[in-house]
Amino acid sequence: MTQPSVSTLFLTGAGRGIGRATALELAVRGYRLGLMDRDAGGLRELSEQLRALGAIHAISTVDVSDLNRIKSSAAELEDRVGPPDVLVACAGVGGLTLLPDLQPYALRSMLEINVVGVANAIDAVLPGMIARKSGHLVGISSVAGYRGMPWMAAYSASKAALTTYLEGLRPALKRRGVTITTVYPGFVRTAMTAETPFRRPIRMMEPEQAASYLVRAIERRPRDFVFPLGTAVGMGFLRRMPGRVYDWMMDRAGPEALTVDF
Ligand SMILES: NC(=O)c1ccc[n+]([C@@H]2O[C@H](COP(=O)([O-])OP(=O)(O)OC[C@H]3O[C@@H](n4cnc5c(N)ncnc54)[C@H](OP(=O)(O)O)[C@@H]3O)[C@@H](O)[C@H]2O)c1
């Protein structure tokens, strides 16, 4: 078993998908884990898997959009596994934005979970990290936040907001000994992507592959971490494209992408 460079890590969104796969990978590497999710069943299943691996861990059922609850959750976890050296804020929700019904409440929910939920999780662990003058915050953004994606305007907006929020926090936290890494995964085969009715099969990573990339980001502490390489190159190109060229491309590529109209 590889000795981790840090000992205790808190992770939100651990109940399934990328979060669960990451928790299992971290357990194998010897981390002590404090795991949060709103899905109690998913957390219980994960806890059984971790027990079988002999991992030191504790779970707490919490909705990240509830600041008071996440603060008490973090305090409970800290009592059980120790103060966190790392927080991975992975809990997030997706969804399509389809015309003519824009469903603005879906946008509100994505902002509450994908942006405010991450801020809440950070707020819950930050006083301790600042007092210890050390810590690593890892936010899971998305390449979908690079540009406004035609069928996921709300999700794109929430991830763009998260990226900017973390960037804004970076200098003040650095002065206090706390590092921020923003992670931008490409497509991963999880419940979130299963909901998207793509017209053609899309190449996706398995959650275990995403987890091994994420562990690299946790251990190397880069400013930004985009994976896999093909996505980093392709989406990097799209990100720098002039607005009019991007619109032209999306006018053509967009309607071809899904089996539903948007
Ligand atoms: N899959 C991708 O292709 C992809 C690509 C780029 C970025 N990401 C990001 O990666 C992260 C994980 O995504 P995933 O694909 O693994 O999604 P997932 O399979 O849907 O897992 C997300 C987990 O977060 C939990 N969660 C959602 N809202 C929560 C809340 N308010 N409080 C606490 N827990 C909450 C979910 O619980 P429920 O089961 O109750 O919803 C679920 O257990 C997200 O931030 C996502 O935006 C995913």
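In which sense do strand β5 and strand β6 pair, and over how many bridges? In this predicted model, β5 (residues 135–140) and β6 (residues 178–185) run in the parallel sense and are joined over 6 bridges. The points below place that pair within its sheet and then turn to the surroundings of the ligand.

**The sheet**

- The sheet is open and has 7 strands, which follow the order β3-β2-β1-β4-β5-β6-β7 with parallel pairing.
- The edges are taken by β3 (57–61) and β7 (224–227), and because each has a single partner strand, one side of each is left without a neighbour in the sheet.
- On average, and with direction ignored, neighbouring strands of this sheet are turned by 15° against each other.

**Pairings of β6**

- Within the pairing of β5 and β6, residue G139 stands opposite T182, the latter belonging to β6.
- β6 also pairs with β7, again in the parallel sense, and here the pairing extends over 4 bridges.
- In β7, F227 is the residue that stands opposite P185.

**Side chains along β7**

- The side chains of β7 alternate along the strand, with F225 and F227 pointing to one face, where they are buried.

**The ligand and its polar contacts**

- The ligand is surrounded by 29 residues, of which D37, D63, Y155, V188 and T190 are the closest.
- D63 places a polar side-chain atom 2.8 Å from a nitrogen atom of the ligand, whereas for V64 it is a polar backbone atom that lies 2.9 Å from a ligand nitrogen atom.
- V188 likewise contributes through its backbone, a polar atom of which is 2.7 Å from an oxygen atom of the ligand.
- Taken alone, the ligand would expose 890 Å², and the protein buries 94% of that area.

**Make-up of the shell**

- Three elements, α1 (17–28), α5 (153–175) and α6 (191–194), each give two or more residues to the shell around the ligand.
- Of these, α6 gives the most, with 3 residues.
- By residue class, the shell around the ligand divides into 14 nonpolar, 9 polar and 6 charged residues.

Terms used
Residues are numbered from 1 along each chain as its sequence is written. This is a predicted model: local features need pLDDT of at least 70, side-chain atom pairs count only at pLDDT 80 or more; totals for chains, interfaces and linings use all residues. Side-chain values use heavy atoms; hydrogens and water are left out. A residue is near a molecule or strand if one of its heavy atoms lies within 4 Å of it. A polar contact is a pair of N or O atoms within 3.5 Å; within protein, one must be able to donate a hydrogen and the other to accept it, and residues adjacent in sequence count only if both atoms are side-chain atoms. Accessible areas come from the Shrake-Rupley method with a 1.4 Å probe; for residues, only the protein chains shown count as cover. Ala, Val, Leu, Ile, Met, Phe, Trp, Tyr, Cys and Pro count as nonpolar, Asp, Glu, Lys and Arg as charged, and the others, Gly among them, as polar. Two strands pair if DSSP finds at least two bridges between them. Axes are lines fitted to C-alpha atoms, for helices over the stretch in contact, and angles run from 0 to 180 degrees between N-to-C directions. Buried means under 20% relative accessible area, exposed over 50%, partly exposed in between (1.4 Å probe, protein chains only).
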